[in-house]
Amino acid sequence: MLGADLRGIRKYFPENGVEALSEISFDLHPGEIHALVGENGAGKSTLMHILSGLIEPSAGTISVDGVERRFDSPAAALRAGIGLVRQHPQTVPGFALWEDCVLGSEPTRLGIIKRSAAREAVRDLSCRWGFDLDPDARTESLAVSQKQKAAVLSLLMRDAKYLLLDEPTAVLAPLETERLFDLLLNLKAAGHGIVLISHKLPETLRVADRVTVLRKGRLVGTRDAAELDADELRSMMFGPAENKKEEPPITMNEEGETALSIRGLTTRLSGRPLLRGIDLDLRRGRILGVAGVRESGLETLEFATAGLIRAESGSIELLGKRIEGRGAKAFREAGGVYVPADRMGIALAPRLSINDNLSVHPLSRAHGFLSPAELWTRSRAVMEAARVAGDPKQTASSFSGGTLQRLILARELAENPDFILFSEPGWGLDAASRMELDRRIKRLARAGKAILLMSTDLDELISLSDSIVTLRDGLVSGRFARTEFTDTEELREAIGAAMIGTEVCLDK
Amino acid sequence: MIPSILASAAPLILAGIGGLLTELSGSLGVFLEGFMTLGSFIAWTATKLSGSPIVGCSAAALVAALIGWFMAAFVKATGANSFIVALALNLAANGAVDAVSVLAFGTKGVLVDPSVPALGNAPFTVLTALTVLATAFVLSRTRVGLRLRATGRCPQALLERGGNPDRYKAASWAFAAALAALGGAALTFRVGAYAPGGVAGRGWIALVIVYLGFRNAFGVAAAAIAFAAAEYVSGVAQGTGTIPATLLLGLPSALALILFTVTTILRARRSK
Amino acid sequence: MTSERKKTKSFAAFGSVVALGAAAVAAAVLVAATASDPLDALRAFFLTPLGSRWFLGNTLDSAALLTVAALGIVIAFRAGTFNLGGEGQIYAGGLAASVVLLSYPNANGTIVLCAAALAGALTGGILAGTSGLLKARFGVDELISSFLVSSAVGPIADYLISGPLRDSANNLLATARFAPDRLLPRILEPSTLSISVVFALILIAAVALVLDRTALGFRIRVAGSSPKFAAFAGIDPTKYWTPAFSLSGALHGLAGFFAVAGTYGLCHRGFSGGIGWGAIAVALIGRNSPIALIPAALAYAWLETGSETAMLSSELSFETASLVQAAVFLLVTARFSGWNLSRVRAFLRRNR
């Protein structure tokens with residue numbers, strides 16, 4: 001019986017007491033595309049990590065082609081022909097593409113790598129699948145879509161039969177997604193079994209043969225894709241009572257004065273241009289969404305606006321004050337707060353206590369002696385505002401991601417800002433938290449705050465923003481006002497085109 | 001003059017290559033000083049007991065490799081801080097060598113015995129040269145070298161492609177320990193005696209040399225030779241009595257510090 | 001919902017106690033195994049340090065020196081740096097203080113003592129500050145640079161003590177003895193315990209106050225946590241490295257002053273041997289908390305004195321300090337970074 005077969009899989013994490021998966025059965029046939037869907041936290045990634053050997057299940061069995069296996073490492077899964085391609089594939093910096101691809105399955109004679117054989121193999125495979133990758137390219141210079149292809153190439157080089165793709169489309173523009181799906185169909189035709197994790201339902205339904213739905217670690221069901229439509233799928237994912245409703249058309253708030261004005265922002269890193277002259281305006285009471293794929297300069301713009309990096313030239317004026325190059329302190333003093341995507345890395349210090357983390361803003365301005373009682377009261381107040389229970393003395397790392405996001409937001413809002421910079425606010429949040437967050441953001445705008453929303457999630461941007469700008473290659477490639485579009489599909493296409501540029505073909 | 005400079009560079013190169021391996025694996029081992037001391041002592045003792053320098057050196061390398069591997073396993077198993085564990089080894093090596101020296105030979109001082117000869121320049125110079133060549137080759141041309149470099153730069157990538165970064169880290173520590181021990185053995189056999197304090201900070205200078213040599217086997221060798229040349233010059237100055245001997249002991253560290261600073265600055269400038 | 005894991009201070013302290021206990025057992029075993037009369041050696045090991053005024057005082061004195069230096073280690077740690085040059089900073093600080101104490105023969109003793117303390121602190125501060133500056137300005141790794149500075153300075157100090165500053169009247173490699181009014185008053189004669197122990201306590205209180213109760217201390221904590229978080233908070237970590245490192249060095253230099261003016265009464269070659277490493281051990285045991293340094297230093301000093309006396313009581317004698325330090329380092333860092341029993345079990349299972 002060919003295929004990968006998971007039965008009765010259970011995964012319990014003792015560190016947080018979370019049962020991530022209960023009694024999951026899942027199978028993958030050769031020559032099929034099997035979609036795995038569910039909201040964030042449903043356990044999709046965990047299941048695939050188990051199948052690819054990154055973690056071990058607490059219970060249950062894995063069989064490949066009829067033989068029961070135990071995967072105690074990715075090496076074991078690879079030997080069984082199963083490989084995982086992550087959303088952001090890890091490549092080794094400083095390696096050439098061919099070195100990165102053959103890593104782990106190097107062609108050798110007596111331990112010595114056969115260089116030309118390796119490079120040729122990479123080039124051949126790349127041609128055969130239409131990747132157009134240069135074996136000698138440096139890994140740092142690859143775009144995410146190319147890294148994904150390199151990861152697939154690496155798996156194909158070691159004759160992986162079963163490819164697991166974890167949310168590959170989240171970091172791709174619509175055109176790149178199309179190309180990826182073409183590739184998947186070709187791979188399927190060649191007999192590979194593919195698992196595709198995605199939260200983009202319409203596209204996924206188009207390519208998948210079967211769909212499995214997980215909800216909160218439990219298996220809801222597996223169906224043939226032909227029998228499903230989007231609504232039924234949504235009801236499987238969220239349950240009949242939680243069906244997502246269509247967003248009512250955006251009503252524009254009263255427009256206030258200019259809050260943020262960026263002119264000619266330009267910067268480079270090691271000679272590579274990241275921003276090439278960005279112009280942006282944002283008024284109070286408005287939500288401006290900024291869309292772009294990861295490498296388009298989105299992150300750089302975000303960090304420069306928040307004061308974490310200094311751009312080479314250009315100006316940033318926030319609420320009447322020029323803050324470019326003057327650091328996060330100037331940003332905050334002008335009335336801005338920043339809710340970053342990288343919560344544990346930027347917005348929090350994992351090893352410091354919650355009390356310390358929540359007190360960071362007033363304390364970085366204060367002088368002299370502290371009153372522990374005052375700080376305590378303040379932390380407690382913030383925790384209450386975020387509806388989080390617990391002891392402020394605990395370290396930040398002992399809380400979950402969703403909780404931390406609420407705490408961070410509460411902490412920032414306690415500063416009474418006039419400008420809020422959000423980056424990927426809904427990332428990692430489940431549907432209910434996401435909807436609540438959306439409502440809050442809209443309320444903040446109604447209250448007259450100016451909001452800059454940077455995100456790679458087009459749905460999030462479209463449902464929240466009054467206007468959207470797109471970044472491509474460090475430049476603003478499109479400006480869209482929400483009110484101009486009644487059809488969100490049309491808007492999505494327009495944004496997608498501006499993000500990637502329809503006249504530029506990535507792979508030829 | 002040149003053979004003598006090369007010979008005096010040999011211990012530094014061996015330890016430096018060891019340091020290079022640990023640096024490439026992503027967990028710099030600051031234990032080189034300790035293993036050089038340990039190796040110097042074990043080489044002497046084992047040679048005295050067995051009558052053969054080859055046995056002596058092998059014993060030193062083997063014991064060191066075992067300890068080095070065990071330390072890496074300890075770090076992995078307990079989540080300990082690898083710097084502190086390495087520092088612990090430096091301290092333990094000094095203490096243990098002192099203790100065993102007193103217990104077995106009744107003295108903490110220099111150990112001399114006819115069965116432990118001075119071997120002259122050739123054997124260790126040849127060994128060092130072979131080590132450098134072998135390392136350079138392995139690092140750039142073999143599967144092991146590729147995976148080691150991947151371990152230091154992106155262990156997650158290696159893991160996902162079916163490799164085992166922890167094994168390479170442990171192996172790099174074991175090899176580094178063995179090489180440092182051989183460097184210590186070289187010191188013993190240069191004079192045919194074990195001299196406490198004979199290592200004189202070379203283990204730390206070896207770390208600096210890893211960076212001076214731009215993390216490349218030939219660079220490490222070149223930097224070590226340059227150092228040895230500088231030491232030779234200072235030795236000459238010592239002989240002429242212009243600068244007091246005690247002061248000159250501090251010169252290698254001072255020089256290493258200056259060079260370390262300069263290389264760091266240059267590297268930072270280059271990546272701008 | 002997830003259950004939150006508790007990481008409280010008492011849990012951490014328990015770990016340190018276990019580590020220290022294990023180190024003590026290891027040292028005791030070593031001592032007993034190599035002594036001619038194991039029982040006698042063990043008695044010497046455990047009881048003598050507290051037995052007589054002489055031993056008790058010396059143990060307390062040793063603890064005081066370790067504490068002052070350990071405070072320096074803690075400050076450096078808090079700011080996210082590692083001061084590895086402690087030995088050299090103590091040595092140079094003590095030497096600088098000695099020079100002052102031997103000068104100005106007509107000046108008032110107390111004033112000269114103060115000046116000497118200042119000299120010691122400044123010397124240590126400048127030595128460490130150099131490493132801090134190199135790190136802040138050029139990104140030079142401070143662990144290696146502080147160690148190199150220390151090893152470069154050591155021979156210079158050795159040379160000065162054995163040569164130009166040596167007291168030709170006696171046979172020691174040391175300076176002349178300081179005049180009686182230039183010594184720190186002794187408590188608990190005939191031991192070497194001086195009022196330095198009082199100063200040590202005052203310094204602990206001061207450092208604890210600054211680190212835990214002031215905005216500056218908070219900012220140091222943030223600077224030492226993660227660079228991205230510090231940037232987010234508008235705090236530039238590089239601005240804190242040099243001052244923190246200098247202060248760390250200054251405390252070590254001050255420890256050197258206490259050693260020469262309190263414990264020894266002169267500056268002999270290599271007097272600082274082992275204090276620097278011991279201070280790191282103490283800081284590790286005390287898990288970076290200034291107040292916890294008190295029990296940590298006492299326990300460590302007792303351990304060190306105990307093993308030395310046990311050594312002396314048998315015919316063979318060798319330095320046990322390094323071995324004790326190594327044991328403490330190993331056992332505490334396993335705790336220091338979060339000992340997880342289940343992880344050890346899993347590791348053992350996998351490698352069976």
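1. **Ground rules.** This is a predicted model, in which local features need pLDDT of at least 70 and side-chain atom pairs count only at pLDDT 80 or more, while totals for chains, interfaces and linings use all residues. Residues are numbered from 1 along each chain as its sequence is written, and chains are lettered from A and ligands numbered from 1 in the order in which they are written.

2. **Chain A overall.** Chain A has 18 helices and 22 strands; helices (H or I, at least four residues) and strands (E, at least two) are DSSP runs, numbered from the N terminus. The radius of gyration of chain A is 24 Å, close to the 23 Å from the globule rule for 508 residues, so chain A is as compact as a globular protein of that length. That radius is taken over C-alpha atoms, and the rule is 2.2 Å times the number of residues to the power 0.38. Along the principal axes, the C-alpha atoms of chain A fill a box of roughly 65 × 50 × 45 Å.

3. **Burial and contacts in chain A.** Of the 508 residues in chain A, 45% are buried. A residue is buried if 20 or more other C-beta atoms lie within 10 Å of its own, exposed if 12 or fewer, and partly exposed in between, with C-beta atoms placed from the backbone. Among contacts between residues at least 6 apart in sequence, 69% join residues at least 24 apart; a contact means C-beta atoms, placed from the backbone, within 7 Å.

4. **The six-stranded sheet.** In chain A, six strands make an open sheet of mixed pairing, in the order β18-β19-β20-β15-β21-β22. Two strands pair if DSSP finds at least two bridges between them. The edges are β18 (336-339) and β22 (475-481) of chain A, each pairing on one side only. From one strand to the next, the twist averages 20 degrees. β18(A) runs parallel to β19 (residues 419-423) of chain A, joined by four bridges, and V339(A) has F422(A) as its bridge partner in β19(A).

5. **A helix across that sheet.** Helix α9 (residues 298-306) of chain A lies across β15, β18, β19, β20 and β21 of chain A, at about 150 degrees to β19(A). Angles run from 0 to 180 degrees between N-to-C directions, and axes are lines fitted to C-alpha atoms, for helices over the stretch in contact. Eight of the nine residues of α9(A) are buried, among them L298(A), F303(A) and A306(A).

6. **A covered strand.** All five residues of β9 (residues 162-166) of chain A are buried. Y162(A), L164(A) and D166(A) lie on one side, with L163(A) and L165(A) on the other. In a regular strand the side chains alternate between the two faces of the sheet. Four bridges join β9(A) to the parallel strand β6 (residues 82-85) of chain A, with V85(A) partnered by L165(A). Five bridges join β9(A) to β10 (residues 193-197) of chain A, also parallel, where L164(A) is partnered by V195(A).

7. **Where chain B is touched.** On chain C, 41 residues are in contact with 37 residues of chain B. α6(C) gives the largest share of the chain C side, 14 residues, and that side divides into 24 nonpolar, 14 polar and three charged. Ala, Val, Leu, Ile, Met, Phe, Trp, Tyr, Cys and Pro count as nonpolar, Asp, Glu, Lys and Arg as charged, and the others, Gly among them, as polar. The contact between chains A and B takes 19 residues from chain A and 18 residues from chain B. On the chain A side, α2(A) gives the largest share, three residues.

8. **A helix pair in chain C.** Helices α3 (residues 53-78) and α10 (residues 238-264) of chain C pack at about 170 degrees, with axes 7 Å apart. They are therefore roughly antiparallel; angles under 35 degrees count as roughly parallel, over 145 as roughly antiparallel, 65 to 115 as roughly perpendicular and the rest as oblique. The contact residues divide into 16 nonpolar, five polar and one charged.

9. **One loop residue.** L173(C) sits in the loop between α6 and α7 (196-213) of chain C. L173(C) is partly exposed, with 14 other C-beta atoms within 10 Å. Not counting residues up to four places away in sequence, L173(C) touches I161(C), S162(C), R166(C), H268(C) and R269(C).

Note on methods: Contact = placed C-beta atoms within 7 Å.
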